[in-house]
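My entries follow in the order in which I checked each point.

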Amino acid sequence: MENLRVLELYSGIGGMHYALTESGVAAKVVAAVDVNTTANEIYKHNFPNTPLLAKTIEGMTLDDFNKLSFDMILMSPPCQPFTRIGLQGDISDPRTKSFLYILDLLPRLDMAKGIDSLVKTLKECGYNYQELMVSPTCLGMPNSRLRYFMIAKAPPGSFSFHTTSEIQEGFPHPADKVLLEPSSPISPSPTTTAYQEENHKEDEGGILYKLERAQDAERKSSQNRDQSLRQIRVYLEDQGEGEMEQYLLPPKTLLRYALLMDIVRPTCRRSVCFTKGYGHYVEGTGSVLQSCMETDMEAAFRSPERLSDEEKLQQLSRLKLRYFSPREIANLMGFPKHFTIPKNISTKQQYRVLGNSLNVHVVARLIELLVS
C-alpha cells in the first residue's frame, strides 16, 4: 500500500502530525495550513521538511486543494464558536468562516448548526462517518479534555466497527489498544468514562473547604482512587526546585483566587482541561499543582475569614502552589519528548498555543480507527 497523502488544516503546533506518526499509518503530510504566526513558528521548528502554508483556508481555491492530491484531511477547526463558555455564535461566528468554506468545497473535491452542516454535507457525498466524544481519561491519562471528534470515509470505504447515528462516548470496539508509553502500560477501567469531566476542585479528607458541593468532592476522590488513571507525577518535569520557581503563583493571585483554584498533587490521578487562558486567568483554565507535599492542605485553608491578608498569604504560601509548565502540559497532552518550542516564544504564548491544541494519543487512536 502506498503512503497516504495527508492534508493538515488548522495545523497549529503539530498535534495532528504527531498523532499521524504515532498511529503507525503509512502516510505523508503533503501540506499544513494555519494562519497563526506563533503556532506556525513552532510547527516549522518541529517539522522543517513539511510544506507549511501560512494563509487562510478560505484563501485557497478549489484548484489549490486538488493540486495537493490528498487522500485524507486532518483538521481541528476553532472550537470557541461552539463551546459552552464561549459566546456560542455557532456558524455566525467569523471564526467558522474557513470551516464553512471547506464544507462548500467538499462535494467538489476529488471530501450545533456547524456540526449539522458537516453531517449534512457528508451524507450528501455518501460518506460513512462516526461522531465521538472522547477524553484522554479513556486512555488512562490524568487530564480531562472532553472533545467532539468525527471520522469519515469516502464511499465505498467502511469501518471495522459498527457505526451509529448517535454520538459515541469514548472509543468504539473492537479498538482496545491503549496508546501509552510501553514503560507504563495501563488498562482502561469500565468506571473511567469520557464524562468524568472538568472543573471539579480537589477533595482533602472530606473537608469542603473550597466552596464545593459534597458530590463534587466525592467525584474527585473517586477519580483519584481510579487505578486505571496514571498519577500526575509521571508527567512532571524532573527539574530542581529553583527551576520551577518561575511558575509559582504570585501573592496577589493566591489571595484573590485561592478558593476558586483547582488544586492537584503529584499523586493525584486527575486534572482539569488546560485552556489558552492558562497562566493569565485562574478559574476554569486548568489545574494548579501543590508542589510542597509536606504541607497539609486542610490546615492551609482553615478559617480564612479569621485571618488577615498577611496571615492568609503565609498559610497558602506553604503549599507552594504553581502553574504546570508548558512542557508538563505538553506531556499531559501526549506530545512526544522530542517536541520542542523555540526559546523566543514567551511562556504566555506557549500556554495559548497548547490550550488551542489537542491530545496526541487520542487523535492517534482515532486515525487508527479511520484507516483500519
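I began with a term: a residue is buried when its relative accessible area is under 20%, exposed when that area is over 50%, and partly exposed in between. The model I consulted is predicted.

Entry on Arg270 and Asp262. I found both Arg270 and Asp262 to be buried. Arg270 pairs with Asp262 in a salt bridge, and their closest N and O atoms are 2.7 Å apart. I noted the general principle that side chains of opposite charge can pair when their charged atoms come close. My search of the whole structure gave six salt bridges.

Entry on helix α3. Asp63 and Lys67 form a salt bridge with 3.4 Å between the closest N and O atoms. Both residues belong to helix α3 (residues 62-67), where they are four residues apart, about one turn of the helix. Asp63 is partly exposed because its relative accessibility is 43%. Lys67, at 62%, counts as exposed.

Entry on helix α6. This helix covers residues 214-225, and its 12 residues reach 17 Å from first C-alpha to last, close to the expected 16 Å. I listed its buried residues as Asp216, Ala217, Lys220, Ser221, Gln223 and Asn224. They lie on the same side of α6, because they cover an arc of only 160° around the axis.

Asp216 also joins Arg219 in a salt bridge of 2.5 Å, N to O. The two residues are three apart in α6, about one turn of the helix. Asp216 is buried at 10% relative accessible area, whereas Arg219 is partly exposed at 34%.

Definitions and conventions:
Residues are numbered from 1 along each chain as its sequence is written. This is a predicted model: local features need pLDDT of at least 70, side-chain atom pairs count only at pLDDT 80 or more; totals for chains, interfaces and linings use all residues. Side-chain values use heavy atoms; hydrogens and water are left out. The expected span of a helix is 1.5 Å times one less than its number of residues. Buried means under 20% relative accessible area, exposed over 50%, partly exposed in between (1.4 Å probe, protein chains only). The arc is that of the directions from the helix axis to the C-beta atoms. A salt bridge is a side-chain nitrogen of Lys or Arg within 4 Å of a carboxyl oxygen of Asp or Glu.
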